Amino acid sequence: MNIRPLLTLFALALLPPVMAQPAPETPTASQAIDLGSGAWDGVVNIDVSVLVPDYREPWNAGQPSGGSGTGFLIGKNRFLTNAHVVSNATRILIRTSNDPEPHPAKIVHIAHDCDLALIEAEDPAHFEKLKPLDFGGIPQLNTEVIAVGYPIGGDRISVTRGVVSRIDFRPYSHTSVDSHLAIQVDAAINPGNSGGPVLQGGKVVGVAFQGFSGRVAQNVGYMIPVPVIKRFLKDIEDGRYDHYVDLAASDFPIENPAQAKALGTHGGGVGVMVADVEPAGSVGEILKIGDVILSIDDNPVLNNGLVRFEGELMDMNEIVERKFAGDKIKLEFLRGGKKQEATVTLKRFDPYVRLGATYNQRPRYVVFAGLVFQPMDRNLMDAHQIRDRTVSYVFDNFLTDKLYVERPEPVVLTNVLPDEVNTWLTPYAHSIVDEINGVKIKSLKDVQSALAKKDQAFIEIRLLEKSRPLVLKRELAEAAHPRIMQTYNIQGDSFVGEE
Amino acid sequence: MKLFTSFLLLATSASCLHAQSPGPAAPKKKRVLTNAAAAAQPTVQNSSLVKVNATSQSYNLHLPWQKESPSGRRGLGVVLAGNRVLVTAQMAADATYLELELPESGQKTPAKVVAVDYEANLALLESPPSDKQKAFFAGLKPMSIDASARIGDAVTILQTGRVGELIESPLNISKVMSRRYIVEGSGFLVYEATGIIRSEANSFTLPVVKGNKLAGLLLSYDSKNQVTTILPAPIIEHFLKDVADGSYEGFPGLGMELQATQDEQFREFLGLKPNEPGVLISAVVKGASAEQAGMKKGDILVSINGFTIDSRGDYKDPQYGALSAGHLVRGRAYVGDKVEMKVIREGKEVTLNGTLARKKPEAHLVLPYQFDRGPRYVLMGGLLFQELSQPYLDAFGEEQRSGAILRLARIATNPEKYEEAGRKKLVFLSLVLPTPGAQGYDKLGGQVVNKVNGKVINDLNDLAEAFKSAKETWHVIELDDFPHILHLDTFNAERDNMRLLGGAYRIGSLKRLE
């Protein structure tokens, strides 16, 4: 079987260290595990067939592939696993350790931003008698945990043991743009462990989800802790996943005494500077660059952006993390040395999603006379390996330079499929479309509607920071279009999204 | 190993700058000369060739108060009238010591640069008058210049061996075109020739002769494809004529961007009939010759000085055939010359008249190249401010362009918005030295500076002035990028400045503004 590595890697980045708490004694006697008892039947192997979308030839179905991970029963016919285990799945099969029978399953909810998914067996009968696993809390440092799952190295259930090494705010590599609380353990976590429970005292304290390759670091595995899991489960209670909410502001530590004095914090160690504010985010109308956040929901914010929360020093975002769209938080901040207070209604900040990997989505595109237009996102950038300086700049600075305000969905001319009609245009692939016949292109749909207008004899496509417009004579382009579609074996000339 | 790599990445902005040197330095060989072999060799043109030894030392672009390690360059210069020696500008770039050497006897005399043009890659050297200089030039006679070479002509590349013997490599000119030499900017005339060149140590200048006359200087040799590019005599003549009148103006440019119009649908869109000449003007540089003459973006350029410009942007040169229109101005005209251009604007032919000028490198928002002088900088309390230059960006290489460097590189290619805002140079925070006063800022670098103490910063002089007028006991530095605002205690900054002078970083001066 083709095993896809389900544990993805990411580069080390140094974040402010978390203060280690002295760990109280919590003896956990090592007990032998009796597989015959059925106590472990709730931990299942998930065998997945996937179809990886093709962002180079977006009209094609993609590349069939497969993988395997772990999941566990948390309620009546409800299995929790990682989003990355079941992403892009075309078929999901559940197997338990004592029963060779595969059981087809389907996704109920999937949350890519926190790498969690809930799946159910199509026929629940087999799992009715199984006992769901219970959740614990945040385990303390240096306490023992076991990871249970179906990692590489064999077919049957595996158990590894270790201690909790660190509790920290970490990037989640599935989307590569989201960070949440994560717990580091030194129990071996290997490809295939993904989605499996990490247990302490018989209760689930996390879901194993990512680690480093042995060449980078030893004995470093990460699990998604209970607060993140609970948040996911609460979010979907209304039958819909609404995603995380975000302040959508960047902070800069106030370490410099002059900075502290000038901003009016007087160096008491409280208050972090607001260094960037997304106009489309939750605090876009509330905070300004140069403000100093003093507290968030009455939790004092330290000068490096940490708060003491549930006994631990954590990133202040952790308080926002636990909230849901529409929830309110109280902010206390300094502006021009004066203390102010505001109530913020939290919402999701959409533009950043484009910068992360997306799954379970059919690539969107428009093809016209051999010109292939696709919306700019990470999947597209990765697939096309775009080196063009303007496209790289727009992608890299989509948030930092607030480019999303003017152009919420930049459209890239990704390819020109050569034909007599477009032979002079082939060097202009990998450009951002600025205007078509005078219409500013803010989304892929704009391309479709601008091309559909037949009022002009020429189609003039202006590209961002490129020296000449691309010009097609409409009658020639329309005559060439079906020919090109046939030659290059393109089934449909556009897919702009489900209505 | 991977872990180590990750840490290196974190330190990218601090450690990855390396100035690019124009090429490998020739190894110095010391050998005792023997006279036995010399007599048998032909020495026809030897009386016009001298070896040129240069020591060059460039400034460190990242730590601008310091210089890189010196390196040696060697070349073969051509003696011209007035005992002046012609070499490529690469020979003279960042030179700390230049000397001339007679190929046979090894006699030497020091030299200095009379004129240099880095765009045209040419430099003229002179040895200060002395008895030594007189004796040195006594046996030398000037070589004359022949600009008549055409495609198909045979030329010879000259080199000298260890004892001054002449080594000749015959080549044939196969192509004439326009391309840039060693620095960013517009193209110059280039001969391309084919043939094998014997490899000797003289790497930075080699003369190319036609008969006994100078036809050009070697620009590059691709040994794999045996293709040579040559800096041709017409450009040398232009340079020498410009030098001769006492004030050097350089090569003029029009300052506009041409787009070929071969694409039939594009032609029809532009209103051009099939087989009609003309190219689209897609950009006009502010303040440059074309704009002064009234050229507008969107015009169709059909002729320059009576030469028709075809749909590729070429004209028919009487000597070379089809050649880029740029040469009409750059190679065939001088600064101050009149130029007449015909354009089609809104269907009508319009004649534009103007005077040719050259946009000096200093006039660019981002300095296109810099030699012989140190980069300008201001150091304040550990914060290093510089003006963006192309060499600074080039030092990062194409692969490392992301984040702040990508942002800065984009400004270099699209400077219009910043120029219109009145910026003369782009001042940015390039590095933070770990001083006590700059605590908390040491990971910053690459942020464009907008204001200091409320004053708009259009160049480093503005910055140096603005630091004199703090309104409080701290300086306020406003940046274009994250984290947007920095404060620096005025007293601590001065104290840190004093400590930096002569301290661990061996900083001799807190600024260079000349």
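**Figure 1. The loop of chain A that holds His243(A).** His243(A) is placed in the loop that runs between α2 (226-235) and β13 of chain A, where helices (H or I, at least four residues) and strands (E, at least two) are DSSP runs numbered from the N terminus. This is a predicted model, in which local features need pLDDT of at least 70 and side-chain atom pairs count only at pLDDT 80 or more, whereas totals for chains, interfaces and linings use all residues, and side-chain values use heavy atoms, with hydrogens and water left out. Residues are numbered from 1 along each chain as its sequence is written, while chains are lettered from A and ligands numbered from 1 in the order in which they are written. Phi of His243(A) is near 70°, a positive value in a residue other than glycine. With a relative accessible area of 22%, His243(A) is partly exposed, a class that lies between buried (under 20%) and exposed (over 50%), as computed with a 1.4 Å probe on protein chains only.

Figure 2. Asn305(B) is partly exposed, its relative accessible area being 33%. In the loop between β26 (474-479) and β27 (485-489) of chain B lies Pro483(B), which is joined to Phe482(B) by a cis peptide bond with omega of about 5°.

Figure 3. When neighbours within four places in sequence are left aside, Phe72(A) is in contact (heavy atoms within 4.5 Å) with residues including Val43(A), Leu133(A), Phe135(A), Pro197(A) and Val207(A).

**Figure 4. The interface of chain A and chain B.** At this interface, 41 residues of chain A are in contact with 45 residues of chain B. The buried area, that is, the accessible area (1.4 Å probe) that two parts lose on being put together, summed over both, is about 3800 Å², with carbon and sulfur atoms giving 59% of it. On the side of chain A, the residues that lose the most area to chain B are Phe252(A), Arg389(A) and Trp424(A), together 17% of what that side buries. The rule finds three salt bridges across the interface, a salt bridge being a side-chain nitrogen of Lys or Arg within 4 Å of a carboxyl oxygen of Asp or Glu. Arg468(A) and Asp263(B) meet through their side chains in a salt bridge (3.1 Å, N to O). Elements that each supply at least two residues of the side of chain A that touches chain B include β13 (249-252), α3 (257-263) and α6 (389-396) of chain A. The largest share of that side, five residues, comes from α3(A).
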